[in-house]
Amino acid sequence: MRRAIYPGSFDPVTFGHLDIIKRSSKLFDEIIVGVLNNSQKNALFSIDERVNMIKKLTCEYPNVRVDSFEGLLIDYAKQVDASIIIRGLRAVTDFEYELQIAQTNHVQYQNIETVFLTTSLNYSYLSSTIVREFASHGGDISRFVPAEIVPLIEAKYQVK
Ligand code: PNS
């Protein structure tokens with residue numbers, strides 16, 4: 001049984017993330033989308049909001065489940081008995097940071113391997129930060145995130 005974690009902040013989830021989830025669901029037996037609950041970061045969406053959004057958007061994939069975690073990713077991997085971490089690589093600028101994290105995680109826990117999927121060309125520019133930046137200025141985010149969550153993101157900036 002190959003159980004993989006796809007970890008991230010997903011604040012908010014984008015088409016790029018969803019593309020990685022879809023593609024990894026074909027590669028591994030089970031994917032756990034692990035949403036980081038980072039109390040030190042002032043997130044746009046609460047942890048429950050992020051988990052529920054991703055659950056709705058991935059309900060068509062029977063081998064994908066969505067969960068949240070706190071603390072170290074390797075501790076969470078041990079807890080859920082996952083042997084693979086999935087990360088998306090958009091460009092060479094992602095590589096240095098991702099390599100460092102992957103190597104650190106492997107040094108600390110030899111049973112974990114990080115597998116990188118290259119982001120689809122359509123989404124190689126895309127990040128949650130860009131979505132938040134656009135939305136905060138009233139920009140059109142419909143090419144970045146699914147239609148169902150556009151109003152949820154816009155609503156966050158209307159009340160702020
Ligand atoms: O979507 P992000 O913010 O790029 O995801 C980063 C994430 C959640 C994968 C990374 O920050 C993480 O694993 N955080 C948990 C703490 C940890 O284990 N850090 C790595 C060791 S330095």
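The expected span of a helix is 1.5 Å times one less than its number of residues. Helices (H or I, at least four residues) and strands (E, at least two) are DSSP runs, numbered from the N terminus. This is a predicted model, in which local features need pLDDT of at least 70, side-chain atom pairs count only at pLDDT 80 or more, and totals for chains, interfaces and linings use all residues. Residues are numbered from 1 along each chain as its sequence is written, and side-chain values use heavy atoms, with hydrogens and water left out.

**Helix 4**

Helix 4 covers residues 92-108, and its 17 residues should span 24 Å at 1.5 Å a residue; the end C-alpha atoms are 25 Å apart, which agrees. The helix has a kink of about 25°, centred on glutamate 98. The bend at a residue is the angle between axes fitted to the seven residues ending there and the seven starting there.

Asp94, Glu98, Ala102 and Asn105 of helix 4 are buried. Buried means under 20% relative accessible area, exposed over 50%, and partly exposed in between, with a 1.4 Å probe and protein chains only. The cover over the buried residues of helix 4 includes helix 3 (73-80), strand 4 (84-89) and strand 5 (113-118). Contact means heavy atoms within 4.5 Å.

An open sheet is formed by 5 strands in the order 3-2-1-4-5, with parallel pairing. Strand 3 and strand 5 are the edge strands, each pairing on one side only. From one strand to the next, the twist averages 30°. Two strands pair if DSSP finds at least two bridges between them.

Strand 2 (residues 30-36) has 6 of its 7 residues buried, so it is largely enclosed by the rest of the structure. Strand 1 (residues 3-8) pairs with strand 2 in the parallel sense over 6 bridges. In this pairing, arginine 3 stands opposite glutamate 30 in strand 2. Between these two strands the chain passes through helix 1 (residues 15-27), and this β-α-β crossover from strand 1 to strand 2 is right-handed. A crossover is right-handed if, with the strands pointing away from the viewer, the path from the first strand over the helix to the second runs clockwise.

Strand 2 also pairs with strand 3 (residues 64-69), again in the parallel sense and over 6 bridges. The table lists residue partners in this pairing.

| Residue | Partner in strand 3 |
|---|---|
| Isoleucine 31 | Valine 64 |
| Isoleucine 32 | Arginine 65 |

Strand 2, helix 2 (residues 47-57) and strand 3 make a right-handed β-α-β unit. Helix 2 lies across strand 2 and strand 3 and runs at about 155° to strand 2. Helix 4 also packs on the sheet, where it touches strand 4 and strand 5, and its direction makes about 175° with that of strand 4. For these angles, axes are lines fitted to C-alpha atoms, for helices over the stretch in contact, and angles run from 0 to 180 degrees between N-to-C directions.

The loop between strand 1 and helix 1 contains phenylalanine 10 and proline 12. Phenylalanine 10 has a positive phi of about 50° although it is not a glycine. With a relative accessible area of 2%, phenylalanine 10 is buried. A cis peptide bond joins aspartate 11 and proline 12, with omega at about 5°.

Aspartate 81 lies in the loop between helix 3 and strand 4. Its phi is positive, at about 60°, although aspartate 81 is not a glycine. Aspartate 81 is exposed, with a relative accessible area of 58%.

Methionine 1 belongs to the segment before strand 1. Methionine 1 is exposed, its relative accessible area being 70%. Not counting residues up to four places away in sequence, methionine 1 touches Asp29 and Glu30. Methionine 1 and phenylalanine 28 are 27 residues apart in sequence and 8.2 Å apart in space, C-alpha to C-alpha.
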